[in-house]
Amino acid sequence: MADLRRSPLYDRHVDLGAKLAGFGGWEMPIEYAGRGVLAEHQAVRGAVGVFDVSHLGKAEVAGPGAADFVNACLTNDLGRIAPGQAQYTLCCDDNGGVVDDLIVYLFSADRVLLVPNAANNAEVVARLAAAAPPEITVTDRHTAYGVLAVQGPAAPELVAALGLPTDGAYMSYAEADWKGHPVIVCRSGYTGERGYELLPAWDDSPALWDALLAAGEPLGVSPAGLGARDTLRTEMGYPLHGQDLSPSISPVQARSGWAVGWAKERFWGRDALLAEREAGAARLLWGLRSTSRAIPRPHMAVTSAAGEPLGEVTSGTFSPTLREGIGLALLARGVAEGDTVNVDVRGRPSPMTVVRPPFVPSSPR
């Protein structure tokens, strides 16, 4: 695949017979031979799965007052957390659109590590670098770290089997050691299951991957690709940037206002977002549950029972847990939970029920 970058685990994916495809500018595993999306999804819900998400961006902001600088740019309030904790936040433009959603690791007042989405890493770095004062540096560290997500009920047992810490609170992290090599261990994930995101050095990622799969055999471990990652996150109603969040979809519309520090005096897009929140968003993100065999897919039109346009599907899939079609959709204000709407599935109006995600319960965090 020309011009696509490769994870440090590319050879491992090939050896496992992975179906590879381009995603965010990277050649990534969608599913693995002999397993497939359904089996990988079920492994995460019932045992443990390991994802290679090393394609995710990384950037370091360092210098006197680095945390305060980042806090004045991104939406969430870093004052809510302390060093040793991570935070979900948003990088918005002046109009309140979402340039990216990302995780911030707070190391100290003078050092912050950012983990943006792969396709948006360069844009986030450029925006921060352009705004940074001379004493603060913004460095692209995209290939400094790999990222392995260990997700599922047996995730604590698997991570502990490698001698890594598992007792941190949700969205806390520890700087650990594995066989003499540093690994950041964060209690986080994108599946709704108890999990950990491990950040080893880029070149250490293959050995850590091998160790996780070997130690996880008695636990029912499965490598898991981006196909299962998508079905898992959709069941939880977690947004995907470029579909459910984007420069044309604000945090207010996407119901991500919980990741905005509304009381802060400064952050990018503040005035536009405050105005939209005050006026009320013209459209909001809802969940859809199919009442037939139809499966909603992105960009399918949504109408009322009377045929009036209401919006469109942003994410949609078959839920392996519920055994039915589910999706997220941006719908006009006035739509309410429990309403029946029609989704245009290949030219046929298919009834679906409006719900509030998550579609399935999350595990205790």
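Arg45, Glu193 and Glu235 are tied into one network of salt bridges. Keep in mind that this is a predicted model. The structure has 12 salt bridges, and here's a quick tour of some of them, plus a serine that touches Glu193.

- You'll find Ser363 in the segment that comes after strand 20 (348-355).
- Ser363 counts as buried because its relative accessibility is 15%, and the cut-off for buried is under 20%.
- Leaving aside residues up to four places away in sequence, Ser363 touches Gly192, Glu193 and Arg194.
- With Arg194 there's a polar pairing to look at: a polar atom of the Ser363 side chain sits 2.7 Å from the backbone nitrogen of Arg194.
- Glu193, one of the residues Ser363 touches, is also a member of the network with Arg45 and Glu235.

**Glu27 with Arg6**
- Glu27 and Arg6 make a salt bridge, and their closest N and O atoms are 3.2 Å apart.
- Since Glu27 is in strand 3 (residues 26-31) and Arg6 is in strand 1 (residues 5-6), the pair ties together parts that are 21 residues apart in sequence.
- Glu27 is buried, at 5% relative accessible area.
- Arg6, on the other hand, is partly exposed, at 44%.

**Glu60 with Arg111**
- A salt bridge joins the side chains of Glu60 and Arg111, at 2.7 Å from N to O.
- Glu60 belongs to strand 5 (residues 59-62) and Arg111 to strand 8 (residues 111-115), so this pair ties together parts that are 51 residues apart in sequence.
- Glu60 is buried, with a relative accessible area of 15%.
- Arg111 comes out as partly exposed, with 26% relative accessibility.

**Arg289 with Glu324**
- The side chains of Arg289 and Glu324 also meet in a salt bridge, this time at 2.4 Å from N to O.
- Arg289 is part of strand 15 (residues 283-290) and Glu324 is part of strand 18 (residues 324-332), so the bridge ties together parts that are 35 residues apart in sequence.
- Arg289 is partly exposed, with a relative accessible area of 30%.
- Glu324 is buried, at 17%.

Terms used:
Residues numbered from 1 in each chain as written. Predicted model: local features only at pLDDT ≥ 70, side-chain atom pairs only at ≥ 80, totals over all residues. Heavy atoms only, no water. Helix = DSSP H or I, 4+ residues; strand = E, 2+ residues; numbered from the N terminus. Buried < 20%, exposed > 50% of the residue type's maximum accessible area, 1.4 Å probe, protein only. Polar contact = N/O pair within 3.5 Å; in protein donor to acceptor, adjacent residues only side chain to side chain. Contact = heavy atoms within 4.5 Å. Salt bridge = Lys/Arg side-chain N within 4 Å of Asp/Glu carboxyl O.
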